[in-house]
Amino acid sequence: MEQISKWMKRSSGVLLPVSSLPSDHGIGSLGDIAYKWIDFLCNAKQSYWQILPLSPTSFGDSPYQSFSAFAGNPYFIELDALRDEGLLKSSDYDGIIWGKHDNYVDYAALYENREKVLFKAFLNFTENNELDDFIDQNDWLSEYGLFMVIKALNDGKSWTEWSEPLRKRNTDELDKIKKEHDDKIRFQAFLQYKFHNQWKSLRNYANERGIQIIGDIPIYVSLDSSDVWANPEMYQLDENNLPGEVSGCPPDSFAADGQLWGNPLYNWDKMKDSGYKWWIKRFEKNFELYDVIRLDHFRGLESYFAIPYGDETAARGVWKQGPGKGFLDAIKENLPDAKIIAEDLGYLTNEVYELLAYSGYPGMKITQYAFDNREAGDYLPYNYGKNSVVYPGTHDNDTLTGWVNTAPADCINDALLYTATPNKNMLPGAMIRLTLQSAPLIAVIPVQDWLGLGSKSRINIPSTVGGNNWRWRLNKKDINNRLAGKIAEMTAIYRRA
């Protein structure tokens, strides 16, 4: 008999990154429009809002490459809320050109302007005990603030390029910087304080209206992060604190050279010896942000792909043993009621399936893959179990409309036959119905698919950097009662309301 996670019931949600919310200041934020989005989800009879990691973005603007596994993205801080607190004037930011196109994030404009505006708010901030309490309650924050300040002093260079005393954390050098730049370190704490307060208010608003937030934990952290710099012993690094091997995925029919992510690999033996303390703290922090967590790249817990550091592709990578059941036991012991979704996509083995069954976590199903002959495995919906979360596609897939226009003709013909759809223009809608009517207890539809948007609206193309990756944004006009009604109707038809 299939094991069902006790927290799951038949329901549905919408996938939309916070960065993709509309706003007047260049990127989605935690202001009024985010609250209107929650109201929209309520009107659409949804139970979940799924987002991407809330972390500060670094290399390639990806939320999966961050300066910290614990920090929030200061770009998401709502400027109008700071104005209402008396920390900013509208004139401090309204005249700034935050980007030339409302439908795409201009990260260069944000990088040039956002911190300057936020620093003005910090200068107008009256010190209080709440900020001190926040710092005391978040022991990662002092290292993160110091890391960000040293990075700024080194023109944004990776910590692996800093002088040896800073790279290897010479106590005298660090104490000197702490003394000379205390205000800048405190500014970083202020940013996190404001981000977390704004997010907490938004999440409470969602929860009060029956909306749960599905967040996302990337399995790896960025090499250029405070996590690695402050705790090099927890990673597979050499005497110069450089990795011998890095993360990625093997070649497949979607990426002939594989995927080279470049993250440092964990020293799983060290982490085991500590009782997986860092991971437990990471989960605890993320459950302060989210109701449900999607654990990225679950298969890496069984075995992970290790690629020689410096290689330009993933072709020479090899599989190595992951932490397995011991890791899951530690999480369950410390977080017995945790709501976790296992991202179990990609190259899977019997050992991965066994570990997923041992965890009891729901896995993920992608209906696009059911008809894509480039995807190994049998993803036809009649194979889906209830203890899973089903999507037409995720942030790493093309939109349904884009997929219909670009997938091989035989794949599309197969989908037309399976769904009894007369022409391919109607296929995106049929795929949404197929997703909603399937057995998995939770179905999540990207908002782009509800809107019928094409490939220019996809969030990310794996194995690529730049382009429109992580940049797409929703139009304000699309958060409307007509769309909410359409979603609510289909949600009710398939008994997910």
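Author: On a 1 Å grid over the protein atoms alone, a cavity is a set of points where a 1.4 Å probe fits but cannot get out; a pocket is an open set with protein on both sides within 12 Å along at least five of seven lines, and lining residues have an atom within 4 Å of a point. The model discussed here is predicted, so local features need pLDDT of at least 70 and side-chain atom pairs count only at pLDDT 80 or more, while totals for chains, interfaces and linings use all residues. Residues are numbered from 1 along each chain as its sequence is written, and side-chain values use heavy atoms, with hydrogens and water left out.

Reader: How many cavities of 30 Å³ or more does the structure hold?

Author: The structure holds three cavities of 30 Å³ or more. The largest cavity contains about 170 Å³ of space, a volume being the space filled by probe spheres set on grid points that are joined across faces, edges and corners. Its lining consists of 22 residues, and those closest to the centre are S55, S68, A69, P218 and R282.

Reader: Which elements give two or more residues to the lining of the largest cavity?

Author: Elements are DSSP runs numbered from the N terminus, namely helices (H or I, at least four residues) and strands (E, at least two). For the largest cavity they are the strand β3 (212-217) and the helix α11 (277-289). Helix α11 supplies the largest share of this lining, with four residues.

Reader: How is the lining of the largest cavity made up by class?

Author: Ala, Val, Leu, Ile, Met, Phe, Trp, Tyr, Cys and Pro count as nonpolar, Asp, Glu, Lys and Arg as charged, and the others, Gly among them, as polar. The lining of the largest cavity has 13 nonpolar, six polar and three charged residues. The second largest cavity, with a volume of about 130 Å³, is lined by 19 residues. Nearest the centre of the second largest cavity lie P17, S19, P63, F76 and Y107. Its lining divides into 12 nonpolar, five polar and two charged residues.

Reader: Which residues lie nearest the centre of the second largest pocket?

Author: They are F67, Y111, M148, K151 and G156, out of 47 lining residues. Two or more residues come from each of α3 (107-123), α5 (141-153), α8 (182-208) and β5 (259-264). Helix α3 gives the most, with 10 residues. By class, the lining comprises 23 nonpolar, 14 polar and 10 charged residues, and about 1,300 Å³ of space lies in this pocket.

Reader: Is N397 buried or exposed, and where is N397 found?

Author: Buried means under 20% relative accessible area, exposed over 50%, and partly exposed in between (1.4 Å probe, protein chains only). N397 has a relative accessible area of 8%, and therefore counts as buried. N397 is found in the loop between β11 (388-391) and α14 (400-406).

Reader: With which side chain does the side chain of N397 make a polar contact?

Author: A polar contact is a pair of N or O atoms within 3.5 Å; within protein, one must be able to donate a hydrogen and the other to accept it, and residues adjacent in sequence count only if both atoms are side-chain atoms. The partner is the side chain of Y369, at 3.4 Å. A polar atom of the N397 side chain also lies 2.8 Å from the backbone nitrogen of T394. In terms of contact (heavy atoms within 4.5 Å), N397 touches I366, Q368, Y369 and R458, when residues up to four places away in sequence are not counted.

Reader: In which loop is P243 found, and which residues is P243 in contact with?

Author: P243 belongs to the loop between α9 (226-230) and β4 (245-249). At a relative accessible area of 4%, P243 is buried. Its contacts are L223, Q236, L237 and Y309, leaving aside neighbours within four places in sequence.

Reader: What is phi of Y276, and what is phi of A420?

Author: Phi of Y276 is near 55°, a positive value in a residue other than glycine. Phi of A420 is also near 55°. Y276, in the loop between α10 (268-273) and α11, is buried at 5% relative accessible area. A420 lies in the loop between α15 (409-419) and α16 (427-437) and is exposed, at 68%.

Reader: How many disulfides does the structure hold?

Author: A disulfide is a covalent bond between the sulfur atoms of two cysteines. With the cut-off of a pair of cysteine sulfur atoms within 2.5 Å, the structure holds zero disulfides. C249 is buried at 16% relative accessibility, and C411 is buried at 2%.
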